[in-house]
Amino acid sequence: MSDKIPVTVLTGYLGAGKTTLLNRILSENHGKRYAVIVNEFGEIGIDNEIVVGADEEVFEMNNGCICCTVRGDLIRIVEGLMRRKGRFDAIIIETTGLADPAPVAQTFFVDQDVQDRARLDAIVTVADAKWLSARLKDAPEAKNQIAFADVILLNKTDLVTPAELEAVKGRIRAINPYARMITTQKCNAPLDEVLDRHAFDLERILEIEPAFLDDGHDHHHDHDHGDDHGHHHHHHGGLKHYHDEEMQSVAIRIDGDVDPDKFMPWINDLVQRRGPDILRSKGILAFKNEPKRFVYQGVHMILDGDLQRDWRPDEPRVSTIVFIGRHLDEKELREGFTACAA
Amino acid sequence: MTAASFETLTQHVADLPAGDFVAHAAFLGKVPVLAMSDGRIRIGDASGAREVQAHDATILVAADDATRLVTGGDDGKVIAIDASGSLATLADEKGRWIDAVALGASGATAWSVGKRVNARDGKGRVKSLDLPSSSRGLCFAPKGYRLAATHANGTTLWFPAVSAEPERLEWKGSHLDVTWSPDGRFVVSSMQENQLHGWKLPEKTHMRMSGYPAKTRSLSWSGDGAWLATSGAEAAIIWPFSGTGPTGKAPRECGVRPKRTTQVAFHPKALVLAIGYEDGWVLLVRLTDAAELMVRRGTGGPVTALAWDGAGQRLLFGTEDGAAGLLTLPGG
């Protein structure tokens with residue numbers, strides 16, 4: 001798997017700064033050569049890279065899975081790029097501002113030829129600190145892009161007040177508490193926090209704790225909102241508790257083993273029924289009589305899971321699953337998962 | 001079957017230094033020609049060859065009609081090459097990738113760029129058609145100036161010289177390559193969903209050919225048109241197309257190995273199939289008695305190109321990692 005080409009997907013609503021980030025990646029002196037798949041030519045001023053124009057052709061697979069859409073143009077482009085093997089080190093896909101990241105991600109699960117040659121590294125979403133809160137209200141695409149992200153660059157922070165910044169962070173965390181969030185101006189994040197993340201490698205899914213601690217320097221506590229319950233877990237870093245009516249995350253934990261004969265049918269049935277609303281899911285599970293950790297991840301209805309390393313002797317055998325999605329029925333999820341306990 | 005039990009022809013194979021991903025193999029007249037992904041065309045056998053640079057870019061697709069080779073590159077160019085090595089630029093799509101090319105009778109050429117498919121007749125007149133989505137597969141009818149082009153949810157049949165509405169053959173899913181039977185009665189496409197779909201013409205009745213573990217990317221008709229060989233399984237899957245076609249009939253499986261087939265090419269005259277595998281092996285299989293002959297015991301990359309000469313005396317092959325060879329059948 002080491003010789004598979006890593007693929008980074010750059011998303012972000014119109015004007016958030018995707019092209020700025022892309023130009024930074026391409027111009028920085030890192031010794032890597034990129035093949036870049038873009039939708040509009042012309043904004044990238046780099047000569048040495050391979051730049052391919054894409055059409056964002058999304059089609060439904062005829063496999064009985066209604067939300068299983070893939071990017072046909074990507075399958076074709078990755079196949080073509082493999083004829084230049086050795087002439088580039090990584091692929092970056094820039095999606096349009098209105099794109100849903102799901103078909104891009106699903107392409108890497110569904111197409112065997114793509115899967116044999118390339119690996120999805122991470123979905124990186126650039127968000128505009130000033131305008132994101134408004135877009136989350138009026139643009140479903142913006143919300144999808146936040147929900148799907150492994151890494152979020154909260155950009156243009158110089159254009160907002162500290163209070164506004166805290167508010168937009170809170171809104172992001174209400175939707176996706178698991179992504180790594182980096183606050184930037186002109187997308188000036190260290191590139192090693194954006195590239196080569198291995199966010200989709202089952203072996204690298206070590207923990208599925210919320211990523212609040214990643215949020216960095218802001219350790220001040222925000223006590224000014226009326227809904228302050230006065231019992232902030234310190235992990236929350238002082239973020240306000242926003243609740244997004246539409247898009248949420250749900251994490252459920254069982255302090256012990258799970259019966260795979262109950263869990264597998266349950267999760268498969270769940271994503272079949274609720275797949276269109278479940279954008280991403282992950283889990284680390286202790287299966288009864290199984291010394292290894294079972295790790296899975298999913299995008300809509302597509303699940304990918306495997307046994308990974310052994311549970312360490314000092315590690316409590318707990319089973320945790322998380323979902324990010326629309327109108328998640330937390331009670332249904334909790335009851336369903338709890339019934340899978342061994 | 002163990003490797004030791006293969007009759008072998010390996011001593012009759014001359015290695016050819018291709019040096020890069022072999023995109024296409026062909027015989028132009030009697031001259032073996034290899035098109036490499038890095039844009040080079042190698043013309044000639046081991047005793048003497050010359051090279052021309054057809055594209056300063058990557059060759060993505062290629063096709064031949066035994067007199068000329070046509071390549072499409074990621075430079076947006078469609079280039080025709082003849083056995084003397086002279087080049088002609090048939091089209092320049094200004095850097096947009098050429099997704100498919102096909103050759104027809106009387107010098108006709110077709111290529112696709114995104115959703116647009118273009119047909120150029122022997123006199124150089126170009127007609128264009130916009131499809132519902134981009135096309136990865138083009139094939140001219142065996143007779144007449146008519147083109148089949150695949151796209152999402154079907155295949156379109158188009159008479160470029162006629163202003164009539166193109167005819168649509170519908171089937172849900174994403175269609176990749178396409179082939180037209182030599183008698184013109186069947187159009188068969190390979191699909192993203194690891195199956196083939198066929199239409200019997202003119203009724204447009206459907207034929208589903210499924211069971212593949214991978215996509216079929218190589219299709220080859222037997223010289224008599226009675227069989228269609230296909231890649232994409234751990235054997236060459238050969239469908240019967242005599243009479244009413246394959247519906248209700250089981251396919252033949254030839255060259256069964258624990259490796260997937262990537263290329264198939266029927267001998268032009270005999271019921272002998274050349275099969276290339278994902279591990280670089282090449283076998284010949286005789287359909288009448290399933291006898292197998294070893295052409296290449298592979299190392300490394302998948303076989304990406306196979307071609308017989310018109311007489312069926314020589315077989316040219318190439319691989320993804322730049323190996324190539326020319327088999328000359330003994331006693332021919």
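**Notes on the two-chain model**

1. At 39% relative accessibility, A:Glu330 falls in the partly exposed class (buried is under 20% relative accessible area, exposed is over 50%, and partly exposed lies in between, with a 1.4 Å probe and protein chains only). A:Glu330 forms a salt bridge with A:Arg334, their closest N and O atoms being 2.8 Å apart (a salt bridge is a side-chain nitrogen of Lys or Arg within 4 Å of a carboxyl oxygen of Asp or Glu). The two sit 4 residues apart in helix α9 (residues 330-338) of chain A, so about one helical turn separates them. A:Arg334 is partly exposed as well, with a relative accessible area of 35%. Elsewhere, salt bridges that share partners tie A:Lys143, A:Asp244, A:Glu246, A:Asp277 and A:Arg326 into one network.

2. Before going on, some housekeeping. This is a predicted model, where local features need pLDDT of at least 70 and side-chain atom pairs count only at pLDDT 80 or more, while totals for chains, interfaces and linings use all residues. Residues are numbered from 1 along each chain as its sequence is written, chains are lettered from A and ligands numbered from 1 in the order in which they are written, and side-chain values use heavy atoms, with hydrogens and water left out.

3. Now chain A as a whole. It has 9 helices and 14 strands (DSSP runs numbered from the N terminus: H or I of at least four residues for helices, E of at least two for strands). Of its 342 residues, 56% are buried. Among contacts in chain A with a separation of 6 or more, 74% join residues 24 or more positions apart (contact means heavy atoms within 4.5 Å).

4. A:Asp100 caps the N-terminal end of α3(A), with a side-chain oxygen 3.0 Å from the backbone nitrogen of A:Ala102.

5. What does the contact between the chains look like in numbers? It takes 21 residues from chain A and 27 residues from chain B. Together the chains bury about 2,100 Å², 44% of it on carbon and sulfur atoms (buried area is the accessible area, with a 1.4 Å probe, that two parts lose on being put together, summed over both). A:Asn62, A:Arg76 and A:Arg83 supply 34% of the area that chain A buries against chain B, more than any other three residues.

6. Elements giving two or more residues to the chain A side are β4 (58-60), α2 (72-81) and α4 (112-117). With 6 residues, α2(A) gives the most to that side. By class, the chain A side has 7 nonpolar, 2 polar and 12 charged residues (Ala, Val, Leu, Ile, Met, Phe, Trp, Tyr, Cys and Pro count as nonpolar; Asp, Glu, Lys and Arg as charged; the others, Gly among them, as polar).

7. Back in chain A, which helix holds A:Trp266? It is α8 (residues 260-274). A:Trp266 is buried at a relative accessible area of 13%. Setting aside neighbours within four places in sequence, its contacts include A:Ile321, A:Leu333 and A:Phe337. A:Phe337 is 71 residues away along the chain, yet the two C-alpha atoms are separated by 7.8 Å.

8. One last pair: A:Arg135 and A:Asp138 meet in a salt bridge at 3.0 Å, N to O. They are 3 residues apart in helix α5 (residues 132-138) of chain A, so about one helical turn lies between them. A:Arg135 is partly exposed at 23% relative accessibility, and A:Asp138 is partly exposed at 48%.

Technical notes. A polar contact is a pair of N or O atoms within 3.5 Å; within protein, one must be able to donate a hydrogen and the other to accept it, and residues adjacent in sequence count only if both atoms are side-chain atoms.
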